[in-house]
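Welcome! Open the model in your viewer and work through the exercises below, trying each task before you read its solution.

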Amino acid sequence: MSGCEGGSCSTCGTDDPNRLPPGMLKAYDLNQSTADGILVWTEVVEGPDGPRIDDSGAELIGAARNLTDGRVFAVVFGGTELKSLYGRLFGYGVDTLYHVREKSLERYSPEAYAECIASLMDRIVPAAVLIGATSRGREVAPRIAAKMGLGLTADCTGLRADGRKLIMTRPAFGGNLMADIECTKYPQMATVRPGSFPRPEDSEGQGTVIYWQFCPECIKDVISDEPMEEDGSDIRDAKVLISLGDGIRDRSLIDVAESVARKIGAQVSCSRALVEKGWMPRSRQVGMSGRTVAPEIYLAFGISGAVQHRAGMLRSGKVIAVNNDPDAPIHSFADLSFIADAGDVLRAMDRE
Amino acid sequence: MRFAVAVKQVPDTMEMSVDENGSLVRTGVPAILNPYDEQALAEVLRIRESGDEVVVFTMGPPQAAEALRRCLELGADSAYLITDRAFAGADVYATARALAAFITGNIPDASLYVFGRQAIDGDTGQVPYEVAALLDVQQFAYTESLERDGDSFLAVQDYGHVRRTARVPKGSVVSFGTVDPNCPLPSIRGYLESLGRPIKEVDRVALGLGVYSVGLKGSLTRIVSTESVMSTRRNRRVEISNPATAADFIMTELEGSR
Ligand SMILES: Cc1cc2nc3c(=O)[nH]c(=O)nc-3n(C[C@H](O)[C@H](O)[C@H](O)COP(=O)(O)OP(=O)(O)OC[C@H]3O[C@@H](n4cnc5c(N)ncnc54)[C@H](O)[C@@H]3O)c2cc1C
Ligand SMILES: Nc1ncnc2c1ncn2[C@@H]1O[C@H](COP(=O)(O)O)[C@@H](O)[C@H]1O
């Protein structure tokens with residue numbers, strides 16, 4: 001599973017897949033904690049001031065630290081610039097960090113990443129592997145699971161440990177049901193929704209770094225990777241969301257909502273109805289086919305509260321709804337609901 | 001070229017509700033072709049050229065034939081129903097294993113294996129990538145558009161922060177993300193023609209899989225318990241005619257929670 005079979009790889013240059021690659025010392029005795037540790041794939045994102053640990057990765061390291069008495073392993077992909085992140089990762093709770101510094105893996109490729117993480121799982125034999133349910137995580141995790149014949153619980157919102165066993169909680173049927181699921185084989189695998197666990201405090205720590213040599217068999221023919229033109233804000237980070245639905249009949253109300261949002265330190269999101277009209281970008285859509293948010297306060301203006309929408313805002317702290325239809329479903333799960341015209345209330349808030 | 005499209009019949013979760021006791025009301029909920037799969041099929045029908053063949057397949061109970069029938073009406077050429085009592089209760093892995101075995105045995109030569117982004121009845125789009133891994137082919141997730149480029153294809157994929165354009169080799173798995181909601185579905189003109197197109201049935205034995213490789217027994221995850229989500233919110237309803245008063249109310253709430 002090292003991906004180097006056939007001796008095609010110059011760095012490892014061996015046809016014995018079980019030989020330890022250079023940089024990996026026997027002395028670390030990596031198997032000491034066989035099947036009680038947890039491995040986390042930590043995604044790294046490009047920030048304005050260099051690489052940054054993605055929130056989902058940080059959250060999962062924190063969660064793993066609390067779930068196991070064993071070791072917490074993390075794997076990161078990237079070049080030497082990631083060295084600046086080591087201390088932070090150890091601070092979050094990582095014991096052993098695998099840094100994959102293969103040039104051809106600096107560009108994301110689901111097939112190669114899955115192969116590589118699988119090779120690490122063969123080496124470490126962790127009890128569980130946790131991966132953020134990000135767009136990448138959601139396609140890499142199943143690829144690993146099927147390759148290795150393992151069970152996978154997708155898109156969990158909660159994790160509990162019963163010894164080495166993980167109980168994974170996830171919503172089903174558009175958020176109408178919560179199911180507790182377990183994997184019947186080790187390593188257990190789960191993808192976990194971003195925001196399900198608190199991000200651990202930033203601190204610097206120390207631990208072991210291992211350069212993991214891995215040469216992928218499959219290199220994708222990628223023609224271009226273009227960053228999406230977005231202002232960089234993400235509705236998933238907002239503490240307060242002003243969310244607009246089809247009850248917003250006048251497009252200028254979006255500007256009013258933006259103005260209110262600036263005043264109160266909120267962001268503006270929407271239901272699918274406004275994305276379909278072309279009034280709001282998809283990146284602002286809350287719901288099953290949009291983003292999953294969990295702000296402290298969710299203000300729904302002119303949103304009916306269809307299950308597909310609800311699935312994306314289920315875990316909001318407090319829900320306040322303004323909808324002029326007393327029978328709209330949103331009223332039945334809001335903490336506070338106003339039977340009023342959404343536009344009028346927004347304008348009044350803007351004037352305050 | 002041959003296109004193989006995986007589709008699923010799902011309960012219409014839009015119609016699903018929770019009763020006063022918090023139990024899921026399933027009775028009377030109509031079964032539909034998974035909307036994402038319908039969109040994926042529409043995309044395939046859009047890029048098909050004369051001489052191409054579009055094959056749809058589903059794993060499900062006998063009544064899932066209705067979903068296949070709809071695909072035929074939309075313009076698919078033939079359909080396979082992978083059905084067997086032993087398939088019941090399959091998790092992602094057991095589903096992917098059966099679908100991969102089906103593909104290997106029945107349509108090993110397709111130019112593309114096309115999937116929807118997710119089934120609306122609970123799963124979150126894992127099946128396509130497990131199938132891709134089992135077939136050992138490349139995968140193209142979150143595809144928003146697909147164009148022919150000679151013998152291969154170009155896919156544009158939406159990774160959220162990045163939009164990727166990549167070349168799709170023959171035999172890859174492509175899963176469509178949310179496609180243009182305004183893309184019109186093909187009309188059901190072909191109803192009469194479609195009646196002649198057969199739905200072939202394939203069972204466990206035909207797939208060459210043992211009883212312990214499929215369905216609940218072949219699954220690697222187990223549901224321990226489920227709980228319906230009851231609204232635990234304390235609902236306060238305020239009917240207000242003066243919007244300024246409502247705005248005040250909301251602003252006070254916002255202050256209060258700082
Ligand atoms: C597969 C699938 C996935 C989906 N994914 C999503 C998703 O991710 N996110 C999502 O949001 N939806 C999603 N939907 C769509 C969802 O089912 C609903 O159609 C959608 O959420 C409705 O949006 P809405 O509430 O804004 O519009 P509507 O349902 O039209 O509701 C508008 C509401 O505004 C009220 N209203 C009208 N005028 C006023 C006024 N002047 N003042 C105050 N209130 C007013 C009305 O009473 C009504 O309740 C999905 C559907 C499918 C099939
Ligand atoms: N039982 C099934 N039969 C055929 N295709 C399926 C089945 N289940 C899932 N799929 C395909 O896989 C996609 C993702 O499904 P899921 O992973 O269940 O969300 C769907 O959109 C279908 O294309």
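## Exercise 1: Strands that pair across chains

Task: Find how strand 13 (residues 222-227) of chain A and strand 11 of chain B pair, and over how many bridges.

Solution. Strand 13 of chain A runs antiparallel to strand 11 of chain B, and five bridges join the two. Strands are DSSP runs of E with at least two residues, helices are runs of H or I with at least four, and both are numbered from the N terminus. Two strands count as paired if DSSP finds at least two bridges between them.

Before you go on, a word on the ground rules. This is a predicted model, in which local features need pLDDT of at least 70 and side-chain atom pairs count only at pLDDT 80 or more, while totals for chains, interfaces and linings use all residues; side-chain values use heavy atoms, without hydrogens and water. Residues are numbered from 1 along each chain as its sequence is written, with chains lettered from A and ligands numbered from 1 in the order in which they are written.

## Exercise 2: The interface

Task: Describe the contact between chain B and chain A, from its residues to its salt bridges.

Solution. Step two, the area: the two chains bury about 7300 Å², with 53% of it on carbon and sulfur atoms. Buried area is the accessible area (1.4 Å probe) that two parts lose on being put together, summed over both.

Step three, the charges: six salt bridges cross the interface, each a side-chain nitrogen of Lys or Arg within 4 Å of a carboxyl oxygen of Asp or Glu. One of them joins B:Arg167 to A:Asp221, at 3.3 Å from N to O. Step four, the elements: on the side of chain B that touches chain A, the largest share, ten residues, comes from helix 7 of chain B.

## Exercise 3: Ligand 1

Task: Which residues are closest to ligand 1, and why is the site shared between chains?

Solution. Count a residue as near if one of its heavy atoms lies within 4 Å. By that rule 29 residues surround ligand 1, and the closest are A:Asp246, A:Ser271, A:Ser289, A:Ser304 and A:Asp341. The site is shared because the residues around ligand 1 come from chains A and B.

Now look at the backbone. A nitrogen atom of ligand 1 lies 2.8 Å from a backbone N or O atom of A:Val286, and for A:Ala342 a backbone N or O atom is 2.9 Å from a nitrogen atom of the ligand. A:Gly302 has a backbone N or O atom 3.2 Å from an oxygen atom of ligand 1.

## Exercise 4: Ligand 2

Task: Which residues come nearest to ligand 2?

Solution. Among the 20 residues around ligand 2, the nearest are B:Ala6, B:Asp37, B:Ala119, B:Gly125 and B:Gln126. A backbone N or O atom of B:Ala6 is 2.7 Å from an oxygen atom of ligand 2. For B:Met59, a backbone N or O atom lies 2.9 Å from a nitrogen atom of ligand 2.

Methods. Contact means heavy atoms within 4.5 Å. A polar contact is a pair of N or O atoms within 3.5 Å; within protein, one must be able to donate a hydrogen and the other to accept it, and residues adjacent in sequence count only if both atoms are side-chain atoms.
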